[in-house]
Amino acid sequence: MNKTRLVAFFEISGSVLAMIYALLIASNTGNEIIGFSLLLVSALLFAAWAVIDRRWTFLLLQVFYATSAVIGLVRWG
């Protein structure tokens, strides 16, 4: 897979998972574990994109989101 296709995959899948995460958390329907798991996967996908494109500030943001996801998983798990 070339760089452009890989970045597109990380960008699209990370975005979709982040949107589903936001809807699950906002719905307050007891799906917090699934939601925070999706946030973690989304952050990892975005982090891979950041490394490929050498976007270090964006990578730092993904570390923050991944940490938030782990805190959410611990708190709600």
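User: In which crossing, left-handed or right-handed, does α2 pass α3?

Analyst: This is a predicted model. The axes of α2 and α3 come within 8 Å. The crossing in which α2 passes α3 is left-handed.

User: Are α2 and α3 roughly parallel or roughly antiparallel to each other?

Analyst: The axes of the two helices, α2 and α3, cross at roughly 160°. Angles over 145 degrees count as roughly antiparallel. The relation of α2 to α3 is therefore roughly antiparallel.

User: Which residues of α2 does Q62 touch, leaving aside residues up to four places away in sequence?

Analyst: Q62 has its place in helix α3, and it is among the α3 residues that meet α2. With a relative accessible area of 3%, Q62 is buried. Its contacts, without residues up to four places away in sequence, are A43, F46 and A47.

User: What kind of pair do the rings of F46 and F58 form?

Analyst: A search of the whole structure gives six aromatic pairs. For F46 and F58, the ring centres are 5.8 Å apart and the planes stand at 70°. Planes over 60 degrees apart count as edge-to-face, so the pair of F46 and F58 is edge-to-face.

User: How many residues apart in sequence are the parts that the pair of F46 and F58 ties together?

Analyst: F46 belongs to helix α2, residues 32-53, whereas F58 belongs to helix α3, residues 56-76. The pair therefore ties together parts whose separation in sequence is 12 residues.

User: Is F58 buried, partly exposed or exposed?

Analyst: The relative accessible area of F58 is 24%. Buried requires a value under 20%, and exposed one over 50%. F58 is therefore partly exposed.

User: What kind of pair do the rings of W49 and F58 form?

Analyst: The centres of the W49 and F58 rings lie 5.3 Å apart, with their planes at 70°. W49 counts as buried at 15% relative accessibility. Given the angle of the planes, the pair of W49 and F58 is edge-to-face.

User: Which residues do ring pairs link into a cluster?

Analyst: F58 pairs with F46, and F58 also pairs with W49. Of these, F46 is buried, with a relative accessible area of 11%. The cluster linked by ring pairs consists of F46, W49 and F58.

User: At what distance from the ring centre of W76 does R75 lie?

Analyst: W76 is one of the α3 residues that meet α2. R75 lies over the face of the W76 ring, and its distance from the ring centre is 4.8 Å.

Methods. Residues numbered from 1 in each chain as written. Predicted model: local features only at pLDDT ≥ 70, side-chain atom pairs only at ≥ 80, totals over all residues. Heavy atoms only, no water. Phe/Tyr/Trp six-rings, centres within 6.5 Å; stacked < 30°, edge-to-face > 60°. Buried < 20%, exposed > 50% of the residue type's maximum accessible area, 1.4 Å probe, protein only. Lys NZ or Arg CZ within 6 Å of the ring centre and 35° of its normal. Axes fitted to C-alpha atoms, helices over the stretch in contact; angles between N-to-C directions. Parallel < 35°, antiparallel > 145°, perpendicular 65-115°, else oblique. Left-handed = near helix turned anticlockwise from the far one by under 90°. Contact = heavy atoms within 4.5 Å.
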